[in-house]
Every structure is written in C-alpha cells, then in structure tokens.
Amino acid sequence: MPQVPTDDDVYEVFAQTGTGSALSHVGSLVAPRRDAAWHLAKETYGRRDDLSRLWVVRRGDLIVSTADDRGLLAAKTRMPHRQPGFPTTRRRDRSAAPEDVGAATLTAAARERPGGSLPERDDTHGVAGRALDGLWLALADDLFVLGNRLGERIVDYIDLEESLAVGSIGQEALAHAETVLALHGFDGPAADAHFFERPREQWQVSGVIGRLGDWPSTVACGLVIAAAVTVLAEEHAAHEPAIAAVRDEQRVHLDHWRRWARALAAWPETSEEFARAYAEVTRSAGDLFGAGPRDVPADAPPGPSAAAAELHGRLATLILDSGGPGSHLPDLPVPRAAGSGGSVLADCLAHGRVVREHYAPEVFL
C-alpha cells in the first residue's frame with residue numbers, strides 16, 4: 001500500500017510574479033527532499049509565468065493558526081484604535097459631550113450603569129465582588145501607563161522585530177485598559193475623561209510603574225503586570241469573551257517578557273543589573289492585588305480579602321515560573337497608594353494631555 005505523506009513530505013509553495021506583486025501562496029506538493037521540492041515547485045508553478053521569487057517551505061516547519069486562535073486574530077474586536085476612522089469617531093464623541101461635565105461626574109455615572117460591570121465569580125458576591133471591580137480598574141491604570149511607556153521605547157532597538165513586538169504589546173495594553181473600562185460601563189467620553197482628566201492624585205497605579213526606567217526594569221515590569229492581568233482574567237474568562245481575549249493576549253505578552261528575563265539573567269553583561277531590577281520590581285509588585293483605600297467597601301474586614309490573597313498567591317506562582325533571578329514578592333498583598341507612580345506617571349499624563357489638547361481635527365478627515 002502507498003504510504004500517506006506526512007507533514008515532513010509536504011511542502012508549501014510561495015511565488016512572486018514580477019516586482020510589483022506580493023509573494024503569495026500558490027499551492028502544495030510532495031517531495032522526498034528539500035532540493036527536489038524546490039525544483040519540482042519551479043517546474044510546477046513557474047511554467048506559465050516568469051517568477052521573480054520562489055519560496056518552498058516544509059509544512060511541518062510552519063507556525064499556523066488553529067480554530068482556537070480566532071479570538072486572537074479578530075483585530076476588529078480587540079483593537080478598535082487600529083481601525084480606519086477611529087480617531088475621527090472618538091473626536092466626534094468627545095465634542096458631543098457636555099463641556100460642563102467633569103471627569104469625576106462622567107466616571108461616577110459610568111460606574112453606576114447597571115449593564116456595564118464584569119460578571120462576578122460564582123463564589124464572590126457583595127464585598128468580594130466590589131473588591132474585584134476595584135482591582136480591574138486599578139490594573140487598567142497600570143496597563144494604560146505601561147502601554148504609553150512602551151510606545152516611547154519602540155525606537156530604542158536595533159532589531160526591527162523587537163521594535164514591532166514591543167509596539168504591538170504597548171498597543172494591546174492600551175486596548176486592554178479600554179476594554180476593562182467598557183466592561184465597567186464607560187463609554188468613549190467617560191473613558192477619555194478617566195484617563196486624561198483625572199488628577200494625578202486620584203490614580204492608584206502599582207508601585208511597579210515607578211520602576212519603568214531602563215530596559216531590564218521594563219522587562220521585569222512588563223512581566224509582573226502581564227502575569228497579574230492573566231491571573232485576574234482567569235476569574236471572568238469563562239463568562240466574558242472580551243476578558244478571555246485579554247487573557248490570551250496577555251499570555252503572549254508574558255511569554256515575550258519571560259524570554260527576555262531568561263536572556264538577561266543568562267548574559268554575563270546584564271545578569272547583575274537584571275537581578276537588581278527584578279528584585280526591586282517584584283518587591284514593589286505586592287500591591288498589584290492590593291485595593292486602594294477608595295476601592296475598599298466600608299463593610300469590608302481589615303487586611304487583604306480572601307479573594308485578593310488567593311490571586312496574590314497565584315501571581316507569586318506565575319512569577320516564580322518565569323525564569324527570573326529570584327522573586328522578592330511579599331507574602332501577602334499590600335494596599336495601593338493614591339498618587340504614586342513618580343515621574344513615570346507624571347510624564348505619561350502630561351504627554352497624553354498635550355497630544356489630546358493639540359489634536360489637529362483635520363488630520364484624519
């Protein structure tokens with residue numbers, strides 16, 4: 001009986017005709033060896049057209065998407081800021097908002113909308129459910145600042161692929177922050193007010209934000225924030241598709257930062273510097289699941305909630321599995337401090353407000 005070809009025998013063929021066309025997939029073929037596959041592809045797909053490029057790749061060497069990846073590939077559902085017309089639409093929405101309504105009013109109104117909050121876990125109600133809402137909004141602040149900070153770093157790399165990867169992570173962090181606000185009932189104007197009109201003293205970013213300085217510290221900060229969002233997203237992913245997409249993308253971010261952490265820890269030139277940065281960042285990460293004073297309900301018992309302590313423990317496990325030079329994460333979560341973030345938060349807010357205030361209306365029309 002003839003043998004059924006395996007992926008090691010099947011080759012995918014990509015060809016370009018002329019210099020102005022794109023390289024396109026033109027078909028597949030079965031061949032016993034790489035060199036034979038290329039010549040067979042030339043005879044099969046180049047008989048009628050003059051080819052300028054011919055690529056032949058063994059199918060088993062390709063990284064391909066599956067049905068489970070559709071959520072990750074659905075850009076229109078997770079990154080509206082990349083879609084044509086989005087800036088114009090958002091500007092129109094902002095201009096339609098009443099000028100005399102302040103950021104605090106918009107934010108409070110958004111948080112009171114009945115249909116706009118995340119579904120609670122089956123075992124969390126009342127005080128615990130409200131505490132988890134506070135954690136989500138706090139992490140949205142962390143994602144917003146991290147996304148802006150990474151946007152400033154995309155020109156710092158010699159390697160183009162790394163620049164593109166960091167730019168993509170930064171854009172997705174901003175999109176995830178906006179997704180969290182949308183699920184809490186914020187519309188476009190309310191989200192803008194939340195991020196651009198809130199005084200700095202009302203922000204409760206994690207202590208890791210103030211460590212977003214050099215590259216080793218940025219790697220450590222990106223790692224712990226991605227780990228925290230991944231852990232919290234597991235609480236709602238089964239009931240909320242948008243949060244499931246956030247979780248899946250943050251897992252990709254976590255893998256990216258893990259690779260960098262292992263590399264920086266292994267290179268003699270960077271190992272000592274990264275060990276110091278990783279210690280400082282993980283020591284500051286104890287407040288990632290520590291709600292701020294305004295987010296703790298009056299009827300809550302003192303100390304960290306059971307839900308926060310559980311999340312903190314899972315965060316510790318995830319960080320320990322990341323290949324860093326040793327975590328200094330505290331044993332229990334500690335409260336977030338209002339108005340922290342240092343010059344990193346101050347610069348982020350200042351730059352964002354300047355861009356927003358001087359946005360040329362005709363640019364995207």
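Q: Which residues of helix 11 are buried?
A: This is a predicted model. In helix 11 the buried residues are F274, A277, Y278, A279, V281, T282 and S284.

Q: What do those buried residues of helix 11 pack against?
A: They pack against helix 9 (215-233), helix 10 (241-266) and helix 12 (306-320).

Q: And how far does helix 11 reach?
A: Helix 11 covers residues 271-284, which is 14 residues. From its first C-alpha to its last it reaches 20 Å, close to the 20 Å expected at 1.5 Å a residue.

Q: How many residues does the largest nonpolar core have, and which have the most contacts inside it?
A: The largest nonpolar core has 62 residues, and V145, V224 and F289 have the most contacts inside it. At least two residues of this core come from each of helix 6 (127-153), helix 7 (160-183), helix 8 (188-196), helix 9, helix 10, helix 11, helix 12 and helix 13 (342-357).

Q: Which helix gives the most to this core?
A: Helix 9 does, with 14 residues.

Q: What is F289 in contact with, leaving aside its neighbours within four places in sequence?
A: F289 is in contact with L135, L139, A228, V231, L232, A308, L311, H312, L315 and P333.

Q: How many bridges join strand 1 to strand 2, and how many to strand 3?
A: Strand 1 is joined to strand 2 (residues 24-30) by 6 bridges, and to strand 3 (residues 51-58) by 7 bridges. Strands 1 and 2 run antiparallel, and strands 1 and 3 also run antiparallel.

Q: What do strand 1 and strand 2 form, and how many residues are between them?
A: They form a hairpin with 6 residues between them. In the turn, G18 has a positive phi of about 75°.

Q: A change of topic: where is H184, and is it buried or exposed?
A: H184 is in the loop between helix 7 and helix 8. Its relative accessibility is 5%, so H184 counts as buried, the cut-off being under 20%.

Q: What does the side chain of H184 reach?
A: The side chain of H184 reaches the backbone oxygen of V180 at 2.8 Å.

Q: What about the cysteines: are C221 and C348 buried or exposed?
A: C221 is buried, at 0% relative accessibility. C348 is also buried, with a relative accessible area of 6%.

Q: How many disulfides are there?
A: The count comes to 0 disulfides.

Q: And A350: where is it, and how far is it from F196?
A: A350 is in helix 13, and is partly exposed with a relative accessible area of 38%. A350 and F196 are 154 residues apart in sequence, and their C-alpha atoms are 9.0 Å apart in space.

Q: Finally, how many helices and strands are there in the protein chain?
A: The protein chain has 13 helices and 3 strands. Of its 365 residues, 42% count as buried. Among contacts with a separation of 6 or more, 77% are between residues 24 or more positions apart.

Methods: Residues are numbered from 1 along each chain as its sequence is written. This is a predicted model: local features need pLDDT of at least 70, side-chain atom pairs count only at pLDDT 80 or more; totals for chains, interfaces and linings use all residues. Side-chain values use heavy atoms; hydrogens and water are left out. Two strands pair if DSSP finds at least two bridges between them. Helices (H or I, at least four residues) and strands (E, at least two) are DSSP runs, numbered from the N terminus. The expected span of a helix is 1.5 Å times one less than its number of residues. Buried means under 20% relative accessible area, exposed over 50%, partly exposed in between (1.4 Å probe, protein chains only). Contact means heavy atoms within 4.5 Å. A nonpolar core is a set of buried Ala, Val, Leu, Ile, Met, Phe, Trp, Tyr and Cys residues joined through side-chain atoms within 4.5 Å. A polar contact is a pair of N or O atoms within 3.5 Å; within protein, one must be able to donate a hydrogen and the other to accept it, and residues adjacent in sequence count only if both atoms are side-chain atoms. A disulfide is a pair of cysteine sulfur atoms within 2.5 Å.
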